[in-house]
Amino acid sequence: MNTSLIEITVAEIKELADVEPKQASKRFELIATTMNDEQLVEVIEKMDIVTLTQINSHHDISCPSIMSELMTPEQIRDIVCQQPLYWEEKIKNNAEELIQHTFDFLTYLIRIQDSEEKQTAILECIAEDPAGLFYLSIPFIEMMLGEGHDDEDHFNDYYDDEEDTDTIGYDGRVASEEAHSLSLDDPRSLMALIHELAPDVEKAIKNLLRNESSGWETIINKFVNELVIQAKEKNQVTDEYAEVDDMFSFLD
């Protein structure tokens, strides 16, 4: 497929995504049946981050897209950091909804990959970005810092006396023992995967939360604010997003 046809394909998908992302996603899947992976990667490379975010946000583990499999770790990091600008109000303003949404999206983007090497690269790439690390941490904030967790699962032992700061929330032994038995809809399954594939990322999440002293809902509120601000700054947000609130509250 020559360059002009690639560019026509990109323009067509972008135009659809601006109006109806679901239709753009369906169009990409249809086009994927006529192209090889190399050509599809070229199409993806020529798409802007807004279009990639719009399309990928309409997929999950039950309805995957070949686009998500073909994107690079850097592209996946960028859509994770961009997505907060597209959160619906019911997600932005409800801590439980936000935990579920970020968990589902991260689970999808990571689990859909065909190798542990790429899963590891994605986790490490996301965590290297401050906004990405905020996003990675959200699914585990209540689990690690909330009240009333079952002692048998070792979630109440937030800190120990070690000085390596690898001490908050999730017990490594439990992660190793349960890594292959937890259901995919359990946040512990994602933490277990992170523990196995990217222990430095696990440590970064724990260290980030270790420095927070507020209630878990307040912490999520703070992280959402940071994510939106950083997304605006990174992507030079146009007037289309100027009305996105800088602060959200889950406490009313």
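Tutor: Let's start with D18, which is partly exposed because its relative accessible area is 48%, and that class runs between buried (under 20%) and exposed (over 50%), with a 1.4 Å probe and protein chains only. A word on what you are seeing: this is a predicted model, where local features need pLDDT of at least 70, side-chain atom pairs count only at pLDDT 80 or more, and totals for chains, interfaces and linings use all residues. Residues are numbered from 1 along each chain as its sequence is written, and side-chain values use heavy atoms, leaving out hydrogens and water.

Now for the partner of D18. Its side chain meets that of K14 in a salt bridge, 3.7 Å from N to O; the term means a side-chain nitrogen of Lys or Arg within 4 Å of a carboxyl oxygen of Asp or Glu. Both residues sit in helix α1 (residues 3–19), 4 residues apart, or about one turn of the helix. Helices here are DSSP runs (H or I, at least four residues), numbered from the N terminus, while strands are E runs of at least two. K14 has 32% relative accessibility, so K14 too counts as partly exposed.

K14 also forms a salt bridge with D48, and here the closest N and O atoms are 3.4 Å apart. Since K14 belongs to helix α1 and D48 to the loop between α3 (37–45) and α4 (49–56), this pair ties together parts that are 34 residues apart in sequence. D48 is partly exposed because its relative accessible area is 28%.

For another pair, turn to R188 and D186, whose side chains meet in a salt bridge of 2.7 Å, N to O. R188 is buried because its relative accessible area is 16%, and D186 is buried because its value is 15%.
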